[in-house]
Amino acid sequence: MKYKTPYPELLSTAIIWAIAASVTGALLWLLSDVFWHGMSQVNWEFLTQSPSNAGREGGIAPIIVSTALIVGVCLVVSIPLGVGTAVLIAEFAANKSILGRLVRLSLDVLAGVPSIVFGLFGNAFFCKTLGMGFSILSGGLTLACMVLPILIRSTQEGFRAVPDDYRRSAAALGVSRIATLWELLLPAAMPGVAVGLLLGLGRAIAETAALIFTSGYVDRMPESLWDSGRSLSVHIYDLAMNVSGGEANAYASALVLVSFLVLINSAISWLAQRFRQSKILVV
Amino acid sequence: MTKQITTNTGNPPSIQTDQLSLFYARKSAFKDVTLSIKSGSITALIGPSGCGKTSFLTCLNRLTELTPNCQISGRILLGDQNLQTLNVISLRRRVGMLFQKPNPFPLSIIRNIEFPLREHGVRNREEIDHIIEVALQDVGLWDEVKDRLKTPALSLSGGQQQRLCLARAIALKPDVLLMDEPCSALDPLSSEVVEDLITKLRLKYTVIVVTHNLAQAKRIADHVAVFWFQDGAGKLIESGSVAQIFESPQHTLTAAYVTGRTG
C-alpha cells in the first residue's frame with residue numbers, strides 16, 4: 001500500500017501551532033501594552049506618594065497599602081477556613097454521602113457566581129448587617145467568600161489525588177489521622193492547595209465589582225482595617241472610566257498590579273514547594 | 001542471607017475468632033468464621049478470589065474501620081483480650097500488616113521507619129537509630145541501603161520496598177503480623193527473599209498470610225485455613241495443619257482446590 005502524502009498532518013500541526021501562538025500572542029500583547037504604557041510612569045515617587053488631582057498626578061502608595069490589607073484579610077480568613085473545609089469533606093466525610101455531594105455541588109455553583117453578586121452580598125451582610133460599613137475588613141471578607149469555593153474545590157481535588165495506600169498503610173501502623181494528615185496527606189495534596197490559592201488570589205486581587213460595594217474607593221492612606229480603602233483594581237477602573245486624563249496613571253497602576261500578581265504567584269508556588277519538600281520525598 | 005530476626009523476643013499471642021462475620025453495607029464479605037490461630041505459628045489463608053480472606057485479615061487490625069458502613073459481628077480474641085475493645089492505635093502497633101503492593105511512604109528510607117516510631121512515642125535519637133538499624137538488618141536491607149538512608153524510599157526496587165515495609169512494621173515491635181499476598185506483586189527472586197524472611201518470623205510472631213500461591217502456602221505455613229464462596233458469602237470450609245490440608249483434606253472442595261482441579 002502506498003503511503004499517503006503527509007500534508008494532512010502538516011496542516012493539522014500548523015493549525016495547532018497557530019492556535020497556541022495566537023493565545024500566547026494575545027497574552028504577550030496585553031502584557032507588553034501594559035508594560036509599554038506603564039513603564040515610563042512607574043518610579044519610586046509613584047510607589048511612595050499619595051494620589052492627587054483625582055489620581056491624575058501623584059502616586060499610589062495608599063492604594064498599594066489598601067490592596068495589601070484587603071488581600072491579607074482575605075487570605076488570613078480563607079486559607080485556614082478553606083483548607084479546613086476541604087480536609088473535612090475530602091478526608092472525614094464519606095465520599096458518596098448526600099451531604100458530601102451537596103456541599104460539592106453548592107461549592108461549584110458558588111465558584112461560578114458573578115463577583116457583583118458577591119459584592120451585593122458583602123454590602124448587605126458585612127457592611128450593613130454586621131455594621132462594618134465600607135471598610136477594608138468588609139472588602140477582605142467579601143473577597144474571602146469569593147475565593148473560598150475555588151480554594152476548597154481545588155484543595156479537595158488535591159487530597160483526592162493522594163493515593164489511598166498512604167492512608168491505609170499509615171492507619172495499619174497505628175499512626176493517628178492527624179499525623180497522617182499533617183505529615184503525608186497535606187504535603188502530598190500541596191499542589192492542589194497551591195493551584196487553588198493562585199486561582200483564588202488571582203481572582204481576589206483583580207476584583208473590582210465586589211470591592212466597590214464593600215471596601216469603597218477612598219484613596220487616603222488607611223489607618224485601620226475599619227477604614228475604607230481603594231484597591232488597585234478599583235483605582236484602575238476609576239482612572240480609566242471616570243477621570244479624563246487618568247490613562248497614564250491607570251496604565252502605571254495596572255503594571256504594578258500585574259507585577260504584584262506575578263510576585264505573589266511565584267511566592268506561593270515557592271512556599272508550597274518548600275513545604276512539600278520539607279515533608280515528603282518524591283522520586 | 002539474613003540473620004535470625006532479632007527485633008522481637010516476646011511471646012506472641014494466639015488469635016481466636018468466634019462466629020466472625022463482616023458486612024459491607026448489606027453485602028456479606030464472609031460469615032461465621034470460627035478459627036483458632038496458634039501462637040507463634042504461620043497460618044496461610046487460601047482460597048479463590050472474593051471469598052473474604054483479605055477482609056478477614058483486616059478485621060484482625062480493625063482496618064475495616066476505615067471503610068464506611070462496614071459491620072462486624074462475632075468475637076475476636078487476641079491472647080485473652082477482646083480485640084474489638086482494645087485501643088485501636090495500640091492494637092495496630094501490636095498487629096502489624098504487610099500489603100499486597102509495597103507501599104512505603106513518600107519519605108526517605110530512614111523516615112519511613114522513624115515516622116511511625118515517633119508517632120508511638122519513641123523520641124530518643126540513639127534509640128531510634130538503633131531500632132532502624134536492627135529492623136533493616138532483620139529484613140536483610142541494611143547492607144543495601146545503609147549508605148543512602150536519606151534517599152527516597154520510592155527509588156528502591158519493588159522487592160526492597162516490600163522488605164522496607166516489613167522493617168517498618170517490625171520496628172514497632174508487634175507480636176502479630178498480617179500479610180496480604182506479600183509476594184504477589186514481586187518478581188520471582190524478590191519473592192523468594194521475602195518468603196524466606198516470612199519463615200524466619202516463625203515462633204517470634206504469630207503470622208497470618210493470605211496467599212494464592214499454593215506451593216508457597218505449603219512451603220512456609222504451619223497451618224492452613226481454606227476459604228470458599230458459598231451461599232452468597234465467604235466461608236471457612238476447612239482448617240488444619242499443612243499436612244492435613246494438602247495430603248488428607250476432609251472437604252471435597254478443599255481436595256479439588258489443593259490438587260488444582262478447581263478454584
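Student: How many helices and strands does the secondary structure of chain A come to?

Tutor: Keep in mind that this is a predicted model. Chain A has eleven helices and two strands.

Student: What does the domain assignment give for chain A?

Tutor: Domain 1 of chain A covers 1–39, and domain 2 of chain A covers 44–279. Their centres, taken over C-alpha atoms, are separated by 32 Å.

Student: How many residues of domain 1 of chain A are in contact with domain 2 of chain A?

Tutor: Six from domain 1 of chain A, and they meet five residues of domain 2 of chain A. On the domain 1 side of that contact, four residues are nonpolar, two are polar and none is charged.

Student: Now the helices. How are two packed helices described?

Tutor: You use the angle between the axes and the distance between the axes. Take helix α5 (residues 115–129) and helix α6 (residues 136–160) of chain A: their axes come within 9 Å and cross at roughly 135°.

Student: What should I call the arrangement of α5(A) and α6(A)?

Tutor: With axes crossing at roughly 135°, α5(A) and α6(A) are therefore oblique to each other. The crossing of this pair is right-handed.

Student: Which residues meet where α5(A) and α6(A) touch?

Tutor: From α5(A), look for Ser115(A), Phe118(A), Gly119(A), Gly122(A), Phe126(A) and Cys127(A). Facing them in α6(A) are Ser138(A), Leu141(A), Thr142(A), Cys145(A) and Met146(A). Sort the residues of this contact and you find six nonpolar, five polar and no charged.

Student: On to the other chain. How many residues of chain A are in contact with chain B?

Tutor: For chain A the count is 19, in contact with 25 residues of chain B. Both α7 (164–172) and α8 (177–205) of chain A supply at least two residues each to the side that touches chain B. The most comes from α7(A), with six residues.

Student: How do the residues on that side of chain A divide?

Tutor: They split into 13 nonpolar, three polar and three charged.

Student: What confidence values does the predictor give the complex?

Tutor: An ipTM of 0.89 and a pTM of 0.81. Chain B averages a pLDDT of 90, with 96% of its residues scoring at least 70.

Notes
Residues numbered from 1 in each chain as written. Chains lettered and ligands numbered in written order. Predicted model: local features only at pLDDT ≥ 70, side-chain atom pairs only at ≥ 80, totals over all residues. Domains from an automatic or database assignment. Contact = placed C-beta atoms within 7 Å. Nonpolar A, V, L, I, M, F, W, Y, C, P; charged D, E, K, R; others polar. Axes fitted to C-alpha atoms, helices over the stretch in contact; angles between N-to-C directions. Helix = DSSP H or I, 4+ residues; strand = E, 2+ residues; numbered from the N terminus. Parallel < 35°, antiparallel > 145°, perpendicular 65-115°, else oblique. Left-handed = near helix turned anticlockwise from the far one by under 90°. pLDDT = per-residue confidence, 0-100.
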